[in-house]
Amino acid sequence: MPTKKANSLATLKSAIYPITLYAEKTSAVYDQNGIKIGSLNKGQTVHLKGISKGHGIIEYLGQSGYVDLANYYHKNLVNPTKSVTYKAYSYYVKVFAKLYPEFTSLEKIGESVEGRAIYALRVGNGKKEILVDAAIHAREHMTTNVVMEMIDNYSYSYNKKTSFAGYNVRQTLDTTSIWFVPMINPDGVTLVQNGINSMANKNLIKQINKSSNYKRWKANARGVDLNRNFDGEWKYVPFTSKTYKGYKGPRVFSEPEAQALKAFVERHKFKSDISYHSSGQILYWFNFQNSANYKRDLALTRQISRVTGYSIIPPLYVRGSGSSADWFIMSQKKPGITVEIAPYAGEGPVSHKHWNNVWNKNKSIGLLASKEASKR
Ligand SMILES: [Zn+2]
């Protein structure tokens, strides 16, 4: 018969994403019945094994200890040098929210076709807000790494009251908060990263793709390109057949992922939207703004261009893209900038060899956009 101790060790072994944390102050450790079994001193290291009912589970003297994560801080949580999966990211955002309840909040803003959660995490206490989102296109999932690494670094600096990339992080984010949506298309990302057998809609996806290459997939789990499904003058977007990219959907906002982002935007008054994509080291920003907004939006785009070195796409005067950023520009009358982070990778994900370069160019962009929004 397994003993209690054997049970708790089994829990310990099941930890999938090892995380090292540090005690912010002397803090108590409890057993699963809430009885205090010890305490940790300030600065002591713990290994987080999971979260249960709002408490962190740590390894403590060979058994599971339960702690209040708000008494701990992290130094480096996300490993951005490899693909960040849906499961990893959704665990990490929960950990950040538990570590730093005083300046973050986590919201589930919707679900994908296959029922995967779409999360938004706020960092900062500023009354003004901006939106930074990623991975609406499945194969462009390196954008999730960019956003998760921003959360990792900005929350560390906020907590430690240090600067990051030349910004006073606490002052910046306490004027304008950032809401991060790291993975708008979790089904598509899971298909690209883990293959067809990870999907519930296997047969439909096989039919739509007409190829065994799923690395090229951009759409959601029923073959709708989410970045053609928004009302960025959707009616002008030509109909195509369902395929791995480019199909705009049967109706505008027909897809749950697009509906989730729309409703989330409409509950807020975001000063800008930085929408991360990965194809071409370029910046899109124009969607028939009036002249005052044109100047404002181009000025912000130029700031981003100066830091990243990405080229600014001049106004193309083409009506109708169905993209989330074009819808944002039209509906919110605020800048919606599409940032393409990497050299064109062809029909597949960006190679990890580009990561350091991508991160160096983009690490300050959330703070840059936050600061710019503070002035208006
Ligand atoms: Zn894209």
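# Notebook: helices, a zinc site and a pocket

I began with helix H11, residues 365–374, and found that eight of its ten residues are buried, so the rest of the structure largely encloses this helix. I wrote down the buried ones: Ile365, Gly366, Leu367, Leu368, Ala369, Ser370, Glu372 and Ala373. I also noted that the model is a predicted one.

**Entry: helix H9**

I turned next to H9, which spans residues 324–332. The buried residues are Ser324, Ala325, Asp326, Trp327, Phe328, Ile329 and Gln332. I then looked up what they pack against, and the partners are helix H7 (256–266), strand E14 (273–277) and E17. After H9 comes lysine 333, and I noted its positive phi, near 55°.

Proline 314 has 51% relative accessibility and counts as exposed, because the cut-off for exposed is over 50%. I also checked its distance to alanine 299, 15 residues away along the chain, and the two C-alpha atoms are 13 Å apart.

**Entry: the largest pocket**

I looked up the largest pocket and noted a volume of about 660 Å³. Which residues lie nearest its centre? They are Arg228, Tyr284, Ser321, Ser323 and Asp326, out of a lining of 33 residues. Asp326 was already in my notes as one of the buried residues of H9. H9 supplies at least two residues of the lining, and so do strand E15 (282–284) and strand E17 (336–340). I sorted the lining by residue type and got 15 nonpolar, twelve polar and six charged residues.

**Entry: the zinc ion**

I listed the atoms that coordinate the zinc ion: ND1 of His137, two OE atoms of Glu140, and ND1 of His277, at 2.0 to 2.4 Å. Along the chain these donors follow the spacing H-x2-E-x136-H. Why is the arrangement called irregular? The angles between the four donor atoms run from 54 to 146°, and a tetrahedral site would need all angles between 85 and 135 degrees. Histidine 137 is buried at 3% relative accessibility, and glutamate 140 is buried at 4%.

**Entry: two buried residues in strands**

I picked tryptophan 179 in strand E13, residues 176–181. With 4% relative accessibility, tryptophan 179 counts as buried. What does it touch, leaving aside neighbours within four places in sequence? The contacts are Ser105, Glu107, Ala120, Leu121, Arg122, Glu129, Ile130, Leu131, Val132, Phe264, His268 and Phe270. For arginine 122 I also noted the C-alpha separation from tryptophan 179, which is 4.2 Å across 57 residues of chain.

I then took alanine 23, in strand E1 (residues 19–23). Alanine 23 is buried at 1% relative accessibility. Not counting residues up to four places away in sequence, alanine 23 touches Asn41, Lys42, Gly43, Gln44, Asn71, Tyr72 and Tyr73. I also looked up its distance to lysine 235: they are 212 residues apart in sequence and 55 Å apart in space, C-alpha to C-alpha.

**Entry: loop residues with positive phi**

I looked up lysine 53, in the loop between strand E4 (45–52) and strand E5 (55–60). Its phi is near 45°, which is positive although the residue is not glycine. Lysine 53 is exposed, with a relative accessible area of 82%.

Leucine 61 is in the loop between E5 and strand E6 (63–67). Is leucine 61 buried or exposed? It is exposed, at a relative accessible area of 69%. I recorded a positive phi of about 50° for leucine 61, which is not a glycine either.

**Entry: lysine 160**

At 31% relative accessibility I put lysine 160 down as partly exposed. I noted that lysine 75 is 85 residues from lysine 160 in sequence, with 9.7 Å between their C-alpha atoms.

How values were computed:
Residues are numbered from 1 along each chain as its sequence is written. This is a predicted model: local features need pLDDT of at least 70, side-chain atom pairs count only at pLDDT 80 or more; totals for chains, interfaces and linings use all residues. Side-chain values use heavy atoms; hydrogens and water are left out. Donors are N, O and S atoms within 2.8 Å of the metal (3.2 Å for Na, K and Ca); water is not among the atoms, so sites may look incomplete. Four donors count as tetrahedral if all angles lie between 85 and 135 degrees; four count as square planar and six as octahedral if opposite donors are over 155 degrees apart and all others between 65 and 115; anything else is irregular. Buried means under 20% relative accessible area, exposed over 50%, partly exposed in between (1.4 Å probe, protein chains only). Helices (H or I, at least four residues) and strands (E, at least two) are DSSP runs, numbered from the N terminus. On a 1 Å grid over the protein atoms alone, a cavity is a set of points where a 1.4 Å probe fits but cannot get out, and a pocket is an open set with protein on both sides within 12 Å along at least five of seven lines; lining residues have an atom within 4 Å of a point. Grid points are joined across faces, edges and corners, and a volume is the space filled by probe spheres set on the points. Ala, Val, Leu, Ile, Met, Phe, Trp, Tyr, Cys and Pro count as nonpolar, Asp, Glu, Lys and Arg as charged, and the others, Gly among them, as polar. Contact means heavy atoms within 4.5 Å.
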